[in-house]
Amino acid sequence: MKKILVLAIALVALLGLTACGSDSGSDAPAATVRVENMSYNPASVTIKKGETVEWIFDDNGLPHDVVETADETFRSELLTEGSYSYTFEEAGTFDYHCTPHPMMLGTVVVEE
């Protein structure tokens with residue numbers, strides 16, 4: 001009986017350690033940018049190659065989008081609410097803007 005109890009405790013401890021590992025396997029974004037008050041907040045984020053940025057739209061019903069400036073590598077629809085996500089597979093600096101509000105500018109820096 002004692003051996004079973006010790007084995008059960010060891011198993012629970014092992015499962016607890018496994019759940020605390022560094023590779024969570026979640027689809028959580030590496031960075032979140034809020035689209036509000038006629039701006040991207042923060043205006044610049046830095047992530048690693050293969051990570052995702054999520055833009056959350058909440059600007060009192062004003063429509064905004066996210067469009068990569070150089071060659072439209074990524075482009076959201078015009079949104080007044082909800083979110084848009086993009087996973088960056090290449091390293092580099094990606095500037096973006098809002099089509100209806102060209103003064104709204106942002107940057108994603110993707111490191112190796």
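A salt bridge is a side-chain nitrogen of Lys or Arg within 4 Å of a carboxyl oxygen of Asp or Glu. In this predicted model, the count by that rule comes to five. The model also holds an open sheet of four strands.

**The sheet**
- The strand order is β2-β1-β4-β6, and the pairing is mixed.
- β2 (39–41) and β6 (81–87) stand at the edges with a single partner strand each, so one side of each has no neighbour in the sheet.
- From one strand to the next, the twist averages 20 degrees.
- Strand β1 (residues 31–36) and β2 run antiparallel, joined by three bridges.
- Glu36 has Ser39 in β2 as its bridge partner.

**Salt bridges around Arg34**
- Arg34 pairs with Glu36, and their closest N and O atoms are 3.4 Å apart.
- Arg34 is partly exposed, at a relative accessible area of 30%.
- Shared partners join Arg34, Glu36 and Asp58 into one network of salt bridges.

**A link between distant parts of the chain**
- Lys48 forms a salt bridge with Glu111, with 3.4 Å between the closest N and O atoms.
- Lys48 lies in strand β3 (residues 44–48) and Glu111 in strand β8 (residues 105–111), 63 residues apart.
- Lys48 is partly exposed, with a relative accessible area of 42%.
- Glu111 is partly exposed too, with a value of 38%.

**The Glu72 and Arg75 pair**
- Glu72 and Arg75 meet through their side chains in a salt bridge of 2.9 Å, N to O.
- Glu72 is partly exposed, with a relative accessible area of 44%.
- For Arg75, also partly exposed, the relative accessible area is 42%.

Technical notes: Residues numbered from 1 in each chain as written. Predicted model: local features only at pLDDT ≥ 70, side-chain atom pairs only at ≥ 80, totals over all residues. Heavy atoms only, no water. Pairing = 2+ DSSP bridges. Helix = DSSP H or I, 4+ residues; strand = E, 2+ residues; numbered from the N terminus. Axes fitted to C-alpha atoms, helices over the stretch in contact; angles between N-to-C directions. Buried < 20%, exposed > 50% of the residue type's maximum accessible area, 1.4 Å probe, protein only.
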